[in-house]
Amino acid sequence: YWFLIPGGAIFVVLFIVPTVASFYFSLTYWDPFEARFSGFENYVQFFSEPFLVRGMTNTLIFAFLTSALKTVLGLLLAVLLTSGIFAQGFLRSVVFFPVLVSTIGVGLMFQELMHPTDGAINVALEAIGIDGPGWLTNPKLALISVALVDVWRGVGLATLIYIAGLATIGQEYYEAARIDGATRLQQFWRVTVPLVRPATTTVIILSLIGGLRLFDLIWAMTRGGPGFSSDVLASVIYKQYQAGFWGLSTAGNVILFLMIALIIAPLAWWLNRSEVEA
């Protein structure tokens with residue numbers, strides 16, 4: 001038990017104390033000099049502001065969209081990159097490379113690439129006779145555009161996790177399936193997908209947590225704009241801090257924490273339970 005004390009002390013100081021303090025300050029109007037108790041007024045105000053609720057909705061859309069795409073694309077890329085194709089090792093490095101790049105750097109790079117008139121993407125589309133959209137200036141496309149960039153940046157990690165999962169599947173399963181006359185597609189659905197379920201659970205949970213708490217990529221690319229169309233909960237919270245509404249922004253942090261816990265905990269339990277039953 002003595003060996004647990006250093007780790008326990010660090011956990012209490014860096015997690016428990018700030019969490020309890022956040023819950024308390026979310027019930028106050030506070031600044032660096034004083035805190036005045038206000039009850040649940042910050043929470044009432046949060047849910048009464050349309051742009052704050054819009055940020056929560058965008059957060060859920062962003063998280064579930066990016067998680068789904070990373071899961072599907074990660075599995076498909078992992079299958080491709082373990083099939084013995086030419087330059088397999090090099091291609092694995094290429095797929096994983098965006099994970100190593102700074103998120104802010106990725107955001108600024110794609111901000112330039114997606115410029116409505118001078119961006120390389122629209123210039124290339126114009127060269128083949130297609131009018132490129134305003135990826136980051138169209139309110140209907142801004143959030144989706146950032147989500148696609150996040151998928152490009154993060155799919156390499158999902159692919160790596162799936163490659164590790166595929167490595168644990170014995171070849172005898174595929175040999176038995178081939179003897180029974182299964183096609184490649186049937187082998188994928190009947191053998192590969194069920195046996196990489198632990199990797200799928202890991203990818204879904206990590207992707208959802210990352211998507212729900214994402215801030216830096218959104219801020220680098222759109223700052224929540226145009227208008228509030230691409231605001232997520234984390235960027236809304238940051239804007240409230242900037243505006244001096246510290247109690248309201250702290251309440252937003254608590255809501256974000258609770259939202260992540262209420263989504264991830266039951267989902268992780270259900271996925272792990274399904275995995276055991278399978």
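**Exercise 1.** How many residues of the lining of the second largest pocket are nonpolar, how many polar and how many charged?

*Solution.* Begin with the conventions. This is a predicted model in which local features need pLDDT of at least 70 and side-chain atom pairs count only at pLDDT 80 or more, while totals for chains, interfaces and linings use all residues. Residues are numbered from 1 along each chain as its sequence is written, and side-chain values use heavy atoms, with hydrogens and water left out.

Step 1. A pocket is an open set of points on a 1 Å grid over the protein atoms alone, where a 1.4 Å probe fits, with protein on both sides within 12 Å along at least five of seven lines; lining residues have an atom within 4 Å of a point.

Step 2. The second largest pocket has a volume of about 300 Å³, a volume being the space filled by probe spheres set on the points, which are joined across faces, edges and corners.

Step 3. Its lining has 13 residues, and Asn253, Val254, Leu256, Phe257 and Ile260 are the closest to its centre. Helix H1 (4-25) and H13 each give at least two residues to this lining. Helices are DSSP runs (H or I, at least four residues), numbered from the N terminus.

Step 4. Ala, Val, Leu, Ile, Met, Phe, Trp, Tyr, Cys and Pro count as nonpolar, Asp, Glu, Lys and Arg as charged, and the others, Gly among them, as polar. The lining of the second largest pocket therefore divides into 9 nonpolar, 3 polar and 1 charged.

**Exercise 2.** Describe the largest pocket in the same terms.

*Solution.* Step 1. The largest pocket holds about 560 Å³ of space.

Step 1. Its lining has 16 residues, with Val79, Ser83, Tyr174, Arg184 and Thr192 the closest to the centre. H3, helix H7 (142-167), H8 and helix H9 (184-195) each give two or more residues.

Step 2. H9 supplies the largest share of this lining, 5 residues. By class there are 9 nonpolar, 5 polar and 2 charged residues.

**Exercise 3.** Which residues of the largest nonpolar core touch the most other members?

*Solution.* Step 1. A nonpolar core is a set of buried Ala, Val, Leu, Ile, Met, Phe, Trp, Tyr and Cys residues joined through side-chain atoms within 4.5 Å. Buried means under 20% relative accessible area, exposed over 50%, and partly exposed in between (1.4 Å probe, protein chains only).

Step 1. The largest core has 24 residues, and Phe46, Leu233 and Met259 touch the most other members. Helices H2 (41-48), H3 (50-80), H10 (197-212), H12 (233-243) and H13 (246-277) each supply at least two of its residues. H13 gives the largest share, 11 residues.

Step 2. Beyond its neighbours within four places in sequence, Met259 is in contact (heavy atoms within 4.5 Å) with Met56, Thr59, Leu60, Leu212 and Leu233.
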